[in-house]
Amino acid sequence: MIPIRDSDQAVTEPVEIRRLGPAEVHEHVDALASVLHDCVAGGASVSYMWPFSHEDARAAFADWADDVERGRRLVLAAFADGDLVGTVQVVLAVPPNQPHRAEIAKLLVHRAARGRGIARVLMARAEAEARAEARTLLVLDAVTGGAAARLYARLGWTTVGVIPSYALYPDGRPCDTTVFWKAI
Ligand SMILES: CC(C)(COP(=O)(O)OP(=O)(O)OC[C@H]1O[C@@H](n2cnc3c(N)ncnc32)[C@H](O)[C@@H]1OP(=O)(O)O)[C@@H](O)C(=O)NCCC(=O)NCCS
């Protein structure tokens, strides 16, 4: 268990981050899907448009379980008091000339569990897992000016720039996207 600490380093609650194998992704697929569904329902721009069902979210994680099986992706999950409340992925599938690179994707924390540092510990573990896979350069993108972009800046990621209207929110409004990188 990793203690979550606030900015004063006071322990606020325990959280456990687990790297899920393909069977564990299937085992926890309902809880993982609930987190993804809750984020999209809350208006997060994370690839999907509304309406987006729990079944849609389950199908997404079933596909990602296949990627985990093939060594193309890592799926990490955060458990607080035994409940799966967050997740993040490390995409390992890269072109042959970028073997040192990985991408961070689908950092998702259920709305009921936000603002407790869970994303921060998920990102710390994602970096550690990427290093263990011999990756030394990470990239990601995030909605410009959002909670995730603020977190990445705090965690030492470098901003490449902003792409205007790169993606859509689930309700169809366009959103700007900031691209980040980090050497680890
Ligand atoms: C972005 C996201 C993952 C952040 O998750 P989170 O667990 O709430 O993140 P943290 O708790 O680490 O940080 C969030 C805020 O809580 C604050 N915080 C962190 N630990 C805290 C603590 N112990 N006590 C009080 N506040 C705390 C942080 O300072 C931060 O504040 P800010 O929003 O003003 O920048 C979450 O909002 C989310 O899932 N959003 C929808 C999906 C999404 O957009 N994902 C990003 C894709 S790139």
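**Ground rules.** I'm working from a prediction, where local features need pLDDT of at least 70 and side-chain atom pairs count only at pLDDT 80 or more, while totals for chains, interfaces and linings use all residues. Numbering runs from 1 along each chain as its sequence is written, and side-chain values use heavy atoms, with hydrogens and water left out.

**Ligand shell.** I looked up what sits around the ligand and got 21 residues, the closest being L107, V109, G115, G117 and R154; a residue is in if one of its heavy atoms lies within 4 Å. They split into twelve nonpolar, two polar and seven charged.

Which elements supply at least two shell residues each? I noted β5 (101-109), α4 (118-132), β6 (137-143) and α5 (147-154). With five residues, α5 gives the most. Helices (H or I, at least four residues) and strands (E, at least two) are DSSP runs, numbered from the N terminus.

I checked polar contacts, meaning pairs of N or O atoms within 3.5 Å. A polar backbone atom of L107 is 2.7 Å from a ligand nitrogen, and one of V109 is 2.8 Å from a ligand oxygen. R120 also takes part, with a backbone N or O atom 3.4 Å from a ligand oxygen. On its own the ligand exposes 940 Å², and the protein buries 74% of that (Shrake-Rupley method, 1.4 Å probe).

**Salt bridges.** My search of the whole structure turned up eleven, taking a side-chain nitrogen of Lys or Arg within 4 Å of a carboxyl oxygen of Asp or Glu. R58 and D30 pair at 3.0 Å, N to O. R58 is in α3 (residues 54-69) and D30 in α2 (residues 29-41), so this pair ties together parts 28 residues apart in sequence. R58 is partly exposed at 27% relative accessibility, as is D30 at 40%; the cut-offs are under 20% for buried and over 50% for exposed, with partly exposed in between.

**Within α4.** E129 and R125 have their closest N and O atoms 2.7 Å apart and sit four residues apart in α4, about one helical turn. Buried or exposed, what is E129? I have E129 as buried, at 10%, and R125 as partly exposed, at 24%. Both also belong to a salt-bridge network with R19 and E133. I logged E127 with R131 too, at 3.9 Å, N to O.

Definitions and conventions. Polar contact = N/O pair within 3.5 Å; in protein donor to acceptor, adjacent residues only side chain to side chain. Nonpolar A, V, L, I, M, F, W, Y, C, P; charged D, E, K, R; others polar. Buried < 20%, exposed > 50% of the residue type's maximum accessible area, 1.4 Å probe, protein only.
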